[in-house]
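Subject: Structure for your review

Dear colleague,

Please find below the structure that I am handing over to you.

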Amino acid sequence: MGKLHLEVVTPEKVMVSQDVDIVVAPGSLGEFGILEGHVPFLSGIVAGELRYTSDSQTERLVVTTGFAEVSENRVSVLVDAAERAAEIDVERARRALERAKERLARQREVGDVDFLRAEAALKRAIVRIRVAEKKT
Ligand code: ATP
């Protein structure tokens, strides 16, 4: 199988820059997979798991919102944040989840909370916990 070059970039760092066999990413229209020879493609990225396999080794990351571009066997993913599954601080994500839930409850009762912002924080926290606790 031919290789693709994957780059995962955040405003803070280049998280991944390597040749891989396959990339599976959380697109705004659903999860998508990219192999060598894929047609040019542009997609939004939503909070979720991005995985890639290189020489039978699969790596899993959490990514948050951004974009992906596929062109000439290159996959460029530009996202607000990314963490490797093993680097996720589950306690921090649980605290973020509780804060987001409190804000959403407050939105229902008092209505002075930015709903979309609280909802996005809730999604990031849920995905971090899910990916960190996944066994495979
Ligand atoms: P928090 O409220 O805990 O900061 P958040 O969802 O607002 O969570 P982000 O804005 O998505 O955090 O990310 C800010 C930075 O912190 C990024 O570099 C991201 O990779 C990192 N980060 C956020 N949550 C975690 C976590 N649970 N474990 C490891 N790194 C995290």
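The protein is divided into two domains: domain 1 covers residues 4-85, and domain 2 covers residues 88-134. Please bear in mind that this is a predicted model. The C-alpha centres of domain 1 and domain 2 lie 24 Å apart. Where they meet, domain 1 contributes 10 residues to the contact and domain 2 contributes seven residues.

The secondary structure amounts to 10 strands and two helices. Followed along the sequence, the order is β-β-β-β-β-β-β-β-β-β-α-α. The C-alpha trace spans about 55 × 30 × 25 Å along its principal axes. The protein has 136 residues, of which 40% count as buried.

I turn next to the interior. In soluble globular proteins, nonpolar side chains tend to be buried together. Which residues touch the most other members of the largest nonpolar core? They are Leu 6, Val 8, Leu 50 and Val 77, in a core of 21 residues. At least two residues of this core come from each of the strands β1 (4-9), β2 (14-20), β3 (22-27), β4 (30-35), β6 (48-54), β7 (57-63), β8 (66-71) and β9 (74-79). A second, separate core has 10 residues, including Leu 97, Ala 100, Leu 122 and Ile 129.

Leaving aside neighbours within four places in sequence, Leu 50 is in contact with Leu 6, Val 8 and Val 77, among others.

Finally, the model contains a ligand. Around the ligand are Glu 12, Ala 81, Ala 82, Glu 83, Glu 87, Ile 88, Asp 89, Arg 92, Ala 93, Arg 99, Arg 124 and Arg 128. How far is a polar side-chain atom of Glu 12 from an oxygen atom of the ligand? The distance is 3.2 Å. For Glu 83, an N or O atom in the side chain is 2.6 Å from an oxygen atom of the ligand. For Arg 124, an N or O side-chain atom is likewise 2.6 Å from an oxygen atom of the ligand. On its own the ligand has 590 Å² of accessible area, and the protein covers 71% of it.

Yours sincerely,

A colleague

Notes:
Residues are numbered from 1 along each chain as its sequence is written. This is a predicted model: local features need pLDDT of at least 70, side-chain atom pairs count only at pLDDT 80 or more; totals for chains, interfaces and linings use all residues. Side-chain values use heavy atoms; hydrogens and water are left out. A nonpolar core is a set of buried Ala, Val, Leu, Ile, Met, Phe, Trp, Tyr and Cys residues joined through side-chain atoms within 4.5 Å. Buried means under 20% relative accessible area, exposed over 50%, partly exposed in between (1.4 Å probe, protein chains only). Helices (H or I, at least four residues) and strands (E, at least two) are DSSP runs, numbered from the N terminus. Contact means heavy atoms within 4.5 Å. A residue is near a molecule or strand if one of its heavy atoms lies within 4 Å of it. A polar contact is a pair of N or O atoms within 3.5 Å; within protein, one must be able to donate a hydrogen and the other to accept it, and residues adjacent in sequence count only if both atoms are side-chain atoms. Accessible areas come from the Shrake-Rupley method with a 1.4 Å probe; for residues, only the protein chains shown count as cover. Domain bounds come from an automatic or database domain assignment.
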